[in-house]
Amino acid sequence: MKTDYDLIVAGGGLAGMIAAHSASHYSNQKLSILVIDRNAPIMLGSKSINGWVCGDAVSKEAVDYMGSRIKVSWGAPEIEHRVKGVMALSPDRETSIPFDGDGFLLNRQQLPQTQYKEAQKRGINVDFEINLTGLLYDGNQIIGVEGLNKKTNQPYKKTAKVVIDATGVTSMLRNQIKNTTRMERKIDRTDLESTGRHIMYFDQGEDDLSEFDPDYCLIHLDQDIAPGGYGWVFPKGKNKVNIGLGVEKTLLDKRNKRLGKHDDVSGLINQYVARNKAIKNPRLSTDPSDSHNATGNFQVSVRRQNDCMVANGFMLVGDSAWMPKPLDAGGIGPALIAGTIIGKNVAHAIEAGDVTEKGLWQYNVDYVREYGYKTAGLEVFRRLLQMLTNDQINYGMKHFLGNMDVEAISKGEHPDFSMVGKMGMLIRGALNKKLADGLRYTTQQNRWLTEHYRNYPTTPDGFEEWHKKLLKTMNEAYEHLAKWEN
């Protein structure tokens with residue numbers, strides 16, 4: 001069957017554009033590629049009317065992963081600031097844990113324009129202002145997309161051998177898919193975090209590196225400030241900051257009840273900014289490069305990636321596949337890695353003439369081997385952390401985190417708490433004994449889950465049995481962890 005394009009990428013955000021760049025690279029620009037975005041060119045890839053709401057931070061390692069493989073390089077103006085790493089601080093600020101290594105703060109309004117120029121160089125077509133509403137089928141094979149052209153108010157249809165869905169966490173395309181039972185369609189509400197942030201200029205207040213550090217991204221763990229999530233102060237210069245927080249809605253409700261308050265995310269962010277003594281006279285950025293992006297709220301997934309990310313003629317990447325890290329909701333790094341991998345896989349599948357689920361399956365395998373093997377264990381760990389009190393977080397960060405654990409977190413992996421409480425350490429109080437047991441339990445579960453993902457099926461045939469075992473273990477872990485809720 002003749003199609004309009006070899007490949008359609010639905011969604012021109014960060015992950016979608018990298019997927020298109022990668023597919024062009026690995027096909028030596030032989031594939032005809034179309035990126036479709038719902039926004040006007042100036043707002044390419046915008047998540048909502050509030051812009052590209054994000055913490056903006058990414059590790060140098062992830063950027064280098066993309067750059068070395070598909071020859072995409074980033075510099076000014078899309079890289080706005082460089083940092084030496086991330087510093088996580090306990091609620092009482094007495095313990096600070098450095099991890100992650102060199103990284104960048106991106107300007108998310110500038111980056112899409114850089115990506116668009118790169119797409120044009122690589123012969124990639126882009127259609128703007130298209131609202132996609134569904135997928136086109138030929139029997140059991142997806143062969144394109146349909147929607148509405150907002151410029152002409154006319155129906156829109158384009159066909160392709162493969163459609164990559166990069167339309168975001170609540171993807172309408174994934175939600176409506178009809179030709180697979182292996183791909184999950186909807187995300188559980190407790191696996192979403194409500195986040196928001198401001199991009200601000202400020203005058204220098206008190207000299208306090210626990211409140212603002214131009215060389216480090218600061219993360220504040222505090223169940224009163226950001227229940228079930230964390231607050232962040234990410235430097236974009238000596239007097240410019242991306243400052244915000246994320247919460248889990250049911251835990252915010254419990255926090256409000258416990259404290260007798262009625263705060264929402266926006267109110268919590270403003271309180272968080274106001275209490276920061278290093279940031280004086282904060283005001284939203286009026287830079288032209290932030291004009292459509294200075295403030296906003298958004299939903300972010302904090303679970304493992306979709307357990308199956310392909311169907312006949314269809315693939316998921318980025319937020320559509322729920323790729324942000326379960327521990328910190330960081331989505332840029334996984335998007336760079338997945339976007340690079342998916343382009344290689346789809347180019348090879350189209351070249352081989354097999355764009356069925358089986359022909360695209362290697363993408364599942366490659367992503368799991370490169371990155372996805374660790375996310376289920378982090379999801380279990382995250383669920384435990386969300387149940388802890390501030391006193392337990394203070395105690396745990398002070399007494400239970402060793403150098404090896406910090407190194408594991410730096411790699412985006414689960415710390416090894418198997419020896420906690422077994423080394424003659426005096427654990428004060430019943431709550432902290434409970435915490436030690438919980439940490440050991442998540443370590444035990446992580447070992448099983450990591451090994452299970454190492455055995456991810458190499459063909460679709462083994463998926464059902466593999467997935468059944470995974471869900472049984474995850475559900476048992478959730479039930480077990482409920483015992484640790486305070």
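I began with the contacts in this predicted model, and I noted that, of the contacts in the protein with a separation of 6 or more, 74% join residues 24 or more positions apart.

Next I looked up the overall form, and I found that the C-alpha trace spans about 70 × 55 × 40 Å along its principal axes. I then asked what radius of gyration a compact globule with 486 residues would have, and the rule put it near 23 Å, so the 22 Å of the protein agrees with it.

For the secondary structure I wrote down 14 helices and 19 strands.

Of the 486 residues, 59% are buried.

I also looked up the charged side chains, and I noted 61 positive and 59 negative ones, with the centres of the two sets lying 1 Å apart.

Is Leu31 buried or exposed? I found a relative accessible area of 13% for Leu31, and because buried means under 20%, Leu31 counts as buried. Leaving aside the neighbours within four places in sequence, I listed Asp6, Ala23, Ala347 and Ile350 as the residues in contact with Leu31. I also checked Leu31 against Val58, and I noted that the two are 27 residues apart in sequence, while their C-alpha atoms are 29 Å apart in space.

Conventions:
Residues are numbered from 1 along each chain as its sequence is written. This is a predicted model: local features need pLDDT of at least 70, side-chain atom pairs count only at pLDDT 80 or more; totals for chains, interfaces and linings use all residues. Side-chain values use heavy atoms; hydrogens and water are left out. Helices (H or I, at least four residues) and strands (E, at least two) are DSSP runs, numbered from the N terminus. The radius of gyration is taken over C-alpha atoms; the globule rule is 2.2 Å times the number of residues to the power 0.38. Buried means under 20% relative accessible area, exposed over 50%, partly exposed in between (1.4 Å probe, protein chains only). Contact means heavy atoms within 4.5 Å. Lys and Arg count as positive and Asp and Glu as negative; His and the chain ends are not counted. The place of a charge is taken as NZ of Lys, CZ of Arg, CG of Asp or CD of Glu.
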